[in-house]
Amino acid sequence: MPTGIGTYLAVAAQTASNTLSTATNAVHNLSYAAASASTGGRELSASGRRPIKKSFTDSLQSRLENSDDANQIHLERIVVLDEAKEPYKIGISRVDSRLLDIVENVNDKLNDVKDAYQARIDAGCKTDLFWRLILKTVTGVGTTSSSGYKGKSQFEQEGDAGSEYYYICTKLDPKGYSSLPNPTDLMKIAGLPKPEEREAYPDSINLSVGFGTDSVDMVGVGTTSNGITVRSLPLDTLEGLEKVNLYGLKMYDEPYTVDVGDTFITQFIGTCGVGTNTVIAMSPINVGGLQESIRVGQLVICDKPGVFIGAAYSIIGVGTAIANLSGINTVSTGVTASVVLKLTLDANVIDNAFAPEDGGSFVTFTVLSDPNSLGNLGISNLTSPFVPQTVKCPMVISDKGKGVRIEFVNNGDRSCSTTWNPFMEGEVNPDATITATSASSILAQMEANRVKEPKVGAGLLHYRLGFDYAPVIYDSNGPYQNANGDKYRFAEEFDEVILKGFAMDEGPAAGPAYFRSFVTEPIAGIEPLPSCSSSINTAISLAITVADQTVAGIANTTIQSYIELANMLRDDVMDINLRIWGERILLGDSTERITTYANRQSTINLLGDILGDY
């Protein structure tokens, strides 16, 4: 057979064999396909039954893929919705900038007046110091005349018997003045000698606070050429001061307004003690709303420098404590002891935070997202979009574009950022203690303890008007000399003196120059200050005129129209933010399902073989 023919036949035979093999395999596959169709596409075991493990893993894998697809859809919708906010955010930010400029300008002019008055104090033609009468002691020896003054001969006969008047040089304080404790404690606090330590008084001493512990007794206020006066005024008196309310923008913010890339959770007024690792949130837990948002793993930062050793601390525990909120403008009145949140931190703080601080301000703590969750925008469907509501004033540059609405205020309330649950408004504060017994009294107390919006404002400032007479101590080496030739120095804050025999408003009609006691030192009194120069008075008048014109200009501007425009734009953004919030809830739900399915897969892979077939 020719070689060519043989090769051809060999190839033809091999092709026929391959075709037969392919046909045989096709028949086999067709049979398997029919069998698979009857079992839902699942592979049969050697016994011809279906493995339960394989059924579970296939189902879980399918659900994982579906949840991943859902996640991607929600993320894409969030991105698209967030982009739709951009023109509104830019517009709101520009209106807010205009409003902040107006507010800053008027407050600057008010502070210029404050500085002008302080310059007058610094020049020495007015003073913000005065003698405060803090204690009067009386021995049981001798009697006093109707004027309270006893002649020197009588003192010489009876020794140092009679009254002692204790004074302390005090600075004007816009926060008010502390009440005086009982006389013995007062002398310990002030560092004055106790009665039993004075050798001149071996007998029992009768102590009394002559002018009342719940008032501040100012020497020299309203003094005339006829003598010194002592005026008893309330502890919160503003004598020598003038209160002025600052202007500001009050902002309301709620959880759903936060940008998806923002880590802000909430803010609160807080306290902490040096060397401890706890922070107390000074907001009642039942109405403050903080428990809705604060979790372990989140970060805390403090706006008071030096409290934290680093930029932020981590929350490692969330508990409760009892705090006295009586000194803080909370959401209701008459409540002192309240349940509040206590946060345990991962390190100790290195300074104190009080509520309020010296000067009346508060320390604000800000809670940020858990860093481990920043990549996950999903949230629980139990998270409220509206609680806690943050009320903040004054609004600052970094707040531009934020919030659900803003207001223009000049109410004098304290400046701070605080939270509350607006859905509790009008309800009786659950932390309130009702002590009344009659029905009418119970109703009155309930009404007084209804939850109200926190009092928040732009704060206030005080002009130091001062006094014309300064507290002095007479000293033969003093740098100043009065018309009578007596040398003296000006008293300094916290200087203490004891006058024996009579008070500064008693004794001979020697005018307001000074009053000598029956000891050689110290001799104290008050002296008139020189008249202020025309340049100082002109500077004050000019500053007042400019401030008045600027304040009047606010009423003439379209500031309220700006507020309405900013809030109108915020309303439109609110709609978008609520849609984003809904997508984040769905995202959180699908993310939670992915975690659940993955955990189930691990369990099935580990233990699924014991399930067998079906």
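I take buried to mean under 20% relative accessible area, exposed over 50%, and partly exposed in between, with a 1.4 Å probe and protein chains only.

I note that this is a predicted model, where local features need pLDDT of at least 70, side-chain atom pairs count only at pLDDT 80 or more, and totals for chains, interfaces and linings use all residues. Residues are numbered from 1 along each chain as its sequence is written, and side-chain values use heavy atoms, with hydrogens and water left out.

**Whole chain.** I looked up the burial first. Of 614 residues, 42% count as buried. I then found nine helices and 22 strands. These are DSSP runs numbered from the N terminus: helices are H or I of at least four residues, strands E of at least two.

**S590.** I went to helix α9, where S590 lies. Is S590 buried or exposed? S590 is buried, at a relative accessible area of 0%. I listed its contacts (heavy atoms within 4.5 Å). Beyond its neighbours within four places in sequence, S590 touches S67, A70, N71 and H74.

**Contacts overall.** I checked pairs with a separation of 6 or more. In the chain, 78% of such contacts join residues 24 or more positions apart.

**Helix α9 again.** This helix covers residues 559-607 and includes L607.

**Helix α3.** I turned to E104, which sits in helix α3, residues 86-123. E104 has 48% relative accessibility, so it counts as partly exposed.

**Surface.** I looked up the accessible surface, by the Shrake-Rupley method with a 1.4 Å probe; for residues, only the protein chains shown count as cover. The chain total is about 31,200 Å², and carbon and sulfur atoms hold 53% of that.
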